[in-house]
Every structure is written in structure tokens, then in C-alpha cells.
Amino acid sequence: MSGVRLRTPFLGALVATLTVGVIFLGGAGAADAKDSERQRANEQEQLIDPQAPLGTEAKSTKNVSAQAELDSPVETKAADPDSASDLTKLPDNQGGNWEKLPSLPPGSNAYHLIMGPKGKILLIAGSGNNSAVFEAGTFKAYLWEPTTGLQQLTNVPDDMFCAGHMLMSNGEAIAAGGTKGYKTGTSPWKGSKAVYTFDFESKSFTKQQNMYDGRWYPSVLNTRGGYALIVGGFDAGGKNSATSEVYVPWKGTYDPRPGNREFPLYPHIFLTANAKYFFTGEGWTKPAEDAEGSQGYFHPGFWDPFKGNTYKKVNDLTHPTRRGFGTSCWLGSIRRQKIMVMGGGWPATSSTNVIDLDSSSSPKYKSGPPLRAAKAYASCVNLPNGSVLELGGGSANRIENASQEVSLLKSATAKSWTAMNPLPKGEHRLYHSMAYLADDGSVITLSSNPKGQARSDTVLRFEPPYLFNPDGTRAKRPTLSEVPELIKYGQTYPINVSSDVTRVVMMTAPSPTHGFDANQRQIPVEYADGKITINATTSLAPRGYYRLFAINDKGAVSIAKWTHLR
């Protein structure tokens, strides 16, 4: 955190209050504890309220549906993010194609997604950002098939709303933390210590041993060894956690214990080629002010939680105090080690920064190609051909301020974003939105939770231009089959592909929430004469389940085949 003094966002002005609560016991201590909770609740409001601040008001020209299912009072408006964008309809082979899939059940409020082996999808709602549901204790999850809309409801005893999650190396999903208490006027959001795993074969949750710390908005990352690294979030008392822990899926234990460091909520952290963890500087936080009144933020840098808990800072992002609610992605092949940070607020920014982690011993952020609209809440998705799709978001968490703009960065070296066909009219993807790569090479996006307005239950599918011929007809896909169920590092395996295949890549299993997926990456593998060689390290391709895509000489992609890398 940067400022006149280096402080964590939650300490600073709270030090005196917390100290009093420790020293004085009895009735005074209880009163001080209540005051501390109230102050923590107020500080949380400053850090996570998903709304543009006062002072960014501007008239919007968009029409808004008069639906009246309100989540909370409306406080602000912001500029129309697409005022400078050209949203003209493009041919499918240039701008892709949008189609609507069956909507989710009304009120499902599923804001967490984990894809399991062979494409099975777990949607987690928990209380779904609804305090009445939380008080009733009716927490939900769904097994979901997006093309048919079929879902199988599963009830769970703990609230996984705002948990961290991923597909673990053993093929089970993990959901770490969630909501232990909703924020009120006198009490902060409180993180749950609960951890659940989900078996996609038996379609059942299993409660595991509790974490050491409660976690609300943590990130969960795959590690070289196939463990789940759990970082950050509000703890059981509502304080920003400075701890991390590691869940071992084949033991059900927490070991080894990583070093402690404070990060923002849902910190954007990536496992790098040198086995360190790079924090981009983005996460879900609106920087608070410390006791001296200076603005604060978290510095990006390389973190090594397992070897000395070292942290090597890099230069700060452009507009570092406007990066809350932005998104981050690898650019193209993971072997390039380039990361882009894009968007955020407040006010919303179109700026991006790119860092080449392999460029030198002291890599630095540089300005990247700006987004075609200033936006927060956007999602970015890595595609099999090495391009990056960004979509959704807006200049404020309001339907009239939602961005319809969708863009493609065609390569890691591209100097500008290419316009794609916009979101269908009337659709929005704001707070709590998600997007992910499906097994057919399309991108599916769902959920949106605007402030003070009706939520979206729609499901949209985007077919990128690589699925179309130059004349607009659908491209003939290359074929891929006979992929081994189990593969190992350094080994070579025959596969059956059509004669036009020129490349084969591995893609991770998606697990997005809040516009971000810490584990998504594209890993090209060596391909020649109908054989693939798994020429990747455990840092480039951590142990776990992957999807193989074949790409032909015209750029069309196959249907994915799943495999297990161990």
C-alpha cells in the first residue's frame, strides 16, 4: 500500500481503536469491540461498494427497463461508456456472432462457476447477495448444462457466496470461504472458514476441515504441486486477512503453511514460469485513506510465499488508485509470460498496462493498447488461438451505464483492440458477471447484478470469428480424437487429428467469478507427425485437468478433448 506511510488498508486509523479493545476488558471492552465492528463495517463500505463515487455524474442516453426488483438504494450515475464507440453490426467472420441460450431460473443468482472434467459445470449461488436468503439458510448450487438450460439443484449447509474456487488437480472442485455474516449498519461482512469439495461423478459436496482463517472474496490458485493456494479475503471478524493457506486435495489437510502478506479482495495473482506468484496490482478494493489523508493502494510485484515470503515490487500501474473492479489476463501463450491489466475504477478507465515478466531481471509495466471504452467489471477470456476477448463492464454499476462494447486483442503483440459485434441489445454484464471458454471454442457469459435494478438471468454465447469462413458460412472444424486420458510431463503421445491441423494447445478448466479467473492460461504443446509432446514445466502447466484444442491452417478450432496432466 502506498502513501505518506506504508500501511495496510484496514489498519492506519484503526490502530488506536483496536489497541483499546485489547487493553480494556469487561463492559468497556465489549463496547469498544462493538465500536470496532461498526468502524470496520464503515471501512468495508469504502473498500468494496461496487459503485462509481459521487462526482462522476453524467446524463446517459440509454433507455432502461422499468423493472423494480431492487437490491439497494441507488446512489450515483456515471457517463455512458460507449459514447465514443462504434457499435455497428459486423459480418460474423469479422465480428463473431452472439446468440441467446436458455436463461437461468429467475432468482438463481449464481455468481461462481467451476468447470469439471469432461465439461460438467457447477454453478454456486449460496445466498446470492440476498440477506433474506442468508437469514433463511437456504443456500444453493446447480449442476448446469448451458446449451439446454438443464440444471440439477443441490442444497448446501454453508453459504458459499463470495467464496474462492477452482478445479483441483484431483478433478474435484474446491470452494473456500464464503459469507459468515452480512454487512449491517453496525457489523461488517464476515468471512466463513468453511471449505467444501465437490465430486463431479457423485454430484455431491463434502465438508472438509475448516481453514485457519475466515475468507470472504479470497482467490484460489493452482500450484506447481497441484495444491490449492488460498489468498486474502475478509476474515471471520471482517478484517482484511493478511494470511494465506494451502489445501492438499489428496490429504484433506492444510500444509505447507505459506508466508503472510496482505492483498486486496479477490487479488489478481498468477503463477509464473519462475515458480513465483505475480500480483498484478488489481483486486476488488477501492483504496481507503490513511490517517494522514493520503490515498493508498497495493503495489504489484513478485511474491514467493514458500521460500522466505519475499516480495519484489515492480513499478506501479497507470492510475493505480483506479484499478479496483478491473480485470487481468495472460496475453497469448503462457510461454510469453506477458500479463495485461485492463480497466477499473473509479472513475472508470480505458487504460491498460502490459508487463513482460521474462523481459529482464527487473520487468516493468508499460502502457498497453487502451480499451475501446472506459469500463470496470469487464471480463477477459483467453482463446485457443492466442487471442484475448474482453467484454461487458460499464462506467458504473447501473444498466444505463453498461457497456455493450466487445473487443478482441488478436495477438500478444497487437497494438490495438479489434471491434467485435456488441452484446445483444438490452443485455448487460456488470457486477458479479462471468465469462468463460466453452469446450466448443465459443465464449459463454452470464450474470449481472446492477445496483438498485433487476438482476440478469440471461445466458449468452459468443462465437468468435475463427468459427466462420470468409464468406460468413460456418468453418469446417478440424477433428481431434484418441487423446490419452492421462499424460505426463516430457512424454510424447500419438493423437488422431485431421490432416489440416497445424497446432495443438492445452487450455485450463475455467473457474471465473467477479470478472476474473486466476488459473486460466493457454499452453501450446509441441506437435508434429500426429504426435504431441508435453514440453511444459509444472510452473507453466500445473498438475491438473486440461482441454486439448487442435487448430487448422485456416485458424478454425476443434471441439476440446479432456486429459489429466500428472
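1. Helices (H or I, at least four residues) and strands (E, at least two) are DSSP runs, numbered from the N terminus. The model is predicted: local features need pLDDT of at least 70, side-chain atom pairs count only at pLDDT 80 or more, and totals for chains, interfaces and linings use all residues. Residues are numbered from 1 along each chain as its sequence is written, and side-chain values use heavy atoms, without hydrogens and water.

2. The structure holds 6 cavities of 30 Å³ or more. On a 1 Å grid over the protein atoms alone, a cavity is a set of points where a 1.4 Å probe fits but cannot get out, and its lining residues have an atom within 4 Å of a point. Points are joined across faces, edges and corners, and a volume is the space filled by probe spheres set on them.

3. The largest cavity has a volume of about 190 Å³. It is lined by 17 residues, of which Leu167, Asn222, Thr508, Asn519 and Tyr546 are the closest to its centre. Strands E6 (164-167), E12 (219-222) and E38 (544-552) each supply at least two lining residues, and E38 gives the most, with 3 residues.

4. The second largest cavity holds about 130 Å³ of space. Of its 15 lining residues, Ser219, Tyr266, Thr513, Phe516 and Ala518 are the closest to its centre. The elements E6 and E12 give two or more residues to this lining.

5. An open sheet of 4 antiparallel strands runs in the order E24-E25-E26-E27; strands pair if DSSP finds at least two bridges between them. Strands E25 (388-391) and E26 (406-409) pair over 4 bridges, and Val388 has Leu409 as its bridge partner in E26.

Conventions:
1 Å grid on protein atoms, 1.4 Å probe; cavity = no way out; pocket = protein on both sides within 12 Å on 5 of 7 lines; lining within 4 Å.
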